[in-house]
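Work through these exercises with the model open beside you. Try each task before you read its solution.

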Amino acid sequence: MENSKTSGFVHSIQSLGTVDGPGVRFVAFLSGCPLRCSCCHNPDTWDYKAGEVLSAEEIIKRALRYKEYFKDKGGITLTGGEPLCQPLFVKAVFSLAKEKGINTCLDTSGVFLSEEVKSALSYCDRVLLDIKYTNEEDYIKFVGTEYKKVLEFLDYLNEKNIKTTIRQVVIPTVNDDEENYQKLLKIVKSRKCVDKIELLPFRKLCKIKYENLKIPFPFNDIEEANPSVVKEKEEELNNLIK
Ligand code: SF4
């Protein structure tokens, strides 16, 4: 009862998504993020009160309309913004989802690890962990937080055996070098919870969002990544972790 009434700020919903977790998924973008990643595609989600207030029960009710599409792999994904800014809400949605037999997936930057976050993670079937860079300097410069927090988060996922996909946006001239890929491989190979690496090509479709918000897009002058080159690298890395 307590969980069903727990409410959160939801920026937007994608009823049937295929890129944020396994299979076909009901994807809710939660509002709010304290980070300011230079490559952020969703600056419109930074505001903690953007969107509408929905109860966990309402999210599940809406997701259940699409249950027939989930089949054995699909389910619910919570993303953002940074969904772990609302850990009690994440916990409420995921615990209700589990009661209904729905697979749960969380897309996170992995920099928050409070007791509330740990409790939310206990209802999570898979985490999509966005490791933006593989060194402290770039984290400070381009994210505004410490790299070591992400590794601590990953270690916790490993300890709890929570299936993990490592995601990284490939940004030309910033993190598309072999040194970064090798570090990524090293991180992944030493944590058995990770079974997949996803490399996403840096795009600039979000420019319009920055223009609308009247804030500069920090990576405006960086070229977009070549999707086929990124795909090839992704396959190469995944073959190396099998
Ligand atoms: S954590 Fe995600 S939502 Fe927050 S600034 Fe970074 S990319 Fe954007």
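The exercises below concern a predicted model.

**Exercise 1. Overall build**

Find how many helices and strands the chain has, and decide how its radius of gyration compares with the globule rule.

*Solution.* 
- Step 1. Count the elements: 10 helices and 8 strands make up the list for this chain.
- Step 2. Check the extents. The C-alpha trace spans about 50 × 45 × 35 Å along its principal axes.
- Step 3. Look at burial and contacts. Of the 242 residues, 40% count as buried. Among contacts between residues at least 6 apart in sequence, 74% join residues at least 24 apart.

**Exercise 2. Thr 77**

*Solution.* 
- Step 1. Locate Thr 77 in strand β4, residues 75-79.
- Step 2. A residue is buried at 20 or more.
- Step 3. List its contacts, leaving out residues up to four places away in sequence. Thr 77 touches Gly 17, Asp 20, Gly 21, Arg 25, Val 27, Cys 105 and Asp 107.
- Step 4. Compare sequence with space for one pair. Thr 77 and Ser 7 are 70 residues apart in sequence, and their C-alpha atoms are 17 Å apart.

**Exercise 3. The nonpolar core**

Name the residues that touch the most other members of the largest nonpolar core.

*Solution.* 
- Step 1. The largest nonpolar core holds 62 residues, and Ile 76, Val 90 and Val 93 touch the most other members.
- Step 2. Helix α4, residues 87-99, gives the most to this core, with 7 residues.
- Step 3. Follow Val 90. Beyond residues up to four places away in sequence, Val 90 touches Leu 78, Pro 83, Leu 84, Leu 106 and Ala 120.

**Exercise 4. Helix α2**

Why do the buried residues of α2 line one face of the helix?

*Solution.* 
- Step 1. In helix α2, residues 56-64, the buried residues are Ala 56, Ile 59, Ile 60 and Ala 63.
- Step 2. Look down the axis of α2. These buried residues fall within an arc of 95 degrees, so they line one face.
- Step 3. Recall the general rule. An α-helix has 3.6 residues a turn, so residues three or four places apart point the same way.

**Exercise 5. The ligand shell**

How do the residues of the shell around the ligand divide?

*Solution.* 
- Step 1. Find the shell; among its residues are Cys 33, Arg 36, Asn 42, Glu 82 and Ser 109.
- Step 2. Sort the shell: 4 residues are nonpolar, 5 polar and 2 charged.

Terms used
Residues numbered from 1 in each chain as written. Predicted model: local features only at pLDDT ≥ 70, side-chain atom pairs only at ≥ 80, totals over all residues. Near = placed C-beta within 6 Å. Nonpolar A, V, L, I, M, F, W, Y, C, P; charged D, E, K, R; others polar. Helix = DSSP H or I, 4+ residues; strand = E, 2+ residues; numbered from the N terminus. Contact = placed C-beta atoms within 7 Å. Rg over C-alpha atoms; globule rule 2.2 N^0.38 Å. Buried ≥ 20, exposed ≤ 12 C-beta atoms within 10 Å, placed from the backbone. Core = buried A, V, L, I, M, F, W, Y, C linked by C-beta atoms within 7 Å. Arc of directions from axis to C-beta.
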